[in-house]
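Here's a quick tour of one protein chain, written for someone just starting out. Have the picture open while you read, and go through the topics in order.

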Amino acid sequence: MTVLAALLGALLACALLAPPAASVGWTDRPEGAPDRKERDARVPLVGGAAVLLGVALSIAFGAAAGALPWPAFLGAFLLGLVDDVLRAGLPAHTKLAGQLRVAARFALHPGSGWGSPSPGELFAR
């Protein structure tokens, strides 16, 4: 139930946050890096906030907050935020290094250190 709550919460947050983000210009502009952003439309920058809201909703539905990998969540959010704030985004090698570090944190330490459940235990709640 908690994974479903997180998924639905993140989808709902995207739907609710995207229009106001687009109306105030909080969007990813393809002209900022035309060599790697091969699209015509601007995309609202709400993904990180939507994921965090989904996680908060899963906690409201019973996920153990101490069992979640908060350092990895924070690292992923900050990496995305820095990439969004920089006009041309992070250099590819820097972004990849950051993503690999966050992924390793998720894979090797799925809990925050307050009990560190296995990945299976996280989804069983």
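(The expected span is 1.5 Å times one less than the number of residues.) Helices here are DSSP runs of H or I with at least four residues, strands are DSSP runs of E with at least two, and both are numbered from the N terminus. Keep in mind that this is a predicted model, where local features need pLDDT of at least 70, side-chain atom pairs count only at pLDDT 80 or more, and totals for chains, interfaces and linings use all residues. Residues are numbered from 1 along each chain as its sequence is written, and side-chain values use heavy atoms, with hydrogens and water left out.

**Helix 2**

- Which residues of helix 2 are buried? They are A50, G54, V55 and S58; "buried" means under 20% relative accessible area, "exposed" means over 50%, and "partly exposed" is in between, with a 1.4 Å probe and protein chains only.
- Seen down the axis of helix 2, these buried residues fall within an arc of 140°, so they line one face of the helix. (The arc is that of the directions from the helix axis to the C-beta atoms.)
- An α-helix has 3.6 residues a turn, so residues three or four places apart point the same way.
- Helix 1 (2-23) and helix 3 (70-85) are among what covers the buried residues of helix 2.
- After helix 2 comes G62, and its phi is positive, near 115°.

**Helix 3**

- The length check works here too: at 1.5 Å a residue, the 16 residues of helix 3 should span 22 Å, and the end C-alpha atoms are 22 Å apart, which agrees.
- A72, F73, L79 and D83 are the buried residues in helix 3.
- They cover an arc of only 135° around the axis, which puts them on the same side of helix 3.
- Over on the other side of helix 3, you'll find L74 and V85 exposed.
- What do the buried residues of helix 3 pack against? They pack against helix 2 and helix 4.
- Take L79, which sits in helix 3: it is buried, with a relative accessible area of 17%.
- Leaving out neighbours within four places in sequence, L79 is in contact (heavy atoms within 4.5 Å) with L90, K95, G98 and Q99.
- L79 and T94 are 15 residues apart along the chain, and their C-alpha atoms are separated by 9.7 Å.

**The second largest pocket**

- This pocket holds about 320 Å³ of space.
- It has 16 lining residues, and the closest to its centre are A76, F77, G80, L81 and D84.
- Here's how a pocket is found: on a 1 Å grid over the protein atoms alone, it is an open set of points where a 1.4 Å probe fits, with protein on both sides within 12 Å along at least five of seven lines, and lining residues have an atom within 4 Å of a point.
- Grid points are joined across faces, edges and corners, and the volume is the space filled by probe spheres set on the points.
- Helix 2, helix 3 and helix 4 (92-108) each supply at least two residues of the lining.
- Which helix gives the largest share of the lining? That's helix 3, with seven residues.

**Around strand 1**

- T27 lies in strand 1, residues 27-28, and it is buried, with a relative accessible area of 7%.
- Apart from neighbours within four places in sequence, T27 is in contact with A21, A22, R42, V43, P44 and L45.
- W26 is in the loop between helix 1 and strand 1, and at 44% relative accessibility W26 counts as partly exposed.
- With neighbours within four places in sequence set aside, W26 is in contact with A21, V43, P44, L45 and V46.

**The whole chain**

- The chain has five helices and two strands, and from the N terminus on its elements run α-β-β-α-α-α-α.
- Of its 125 residues, 28% count as buried.
- Among contacts with a separation of 6 or more, 60% are between residues 24 or more positions apart.
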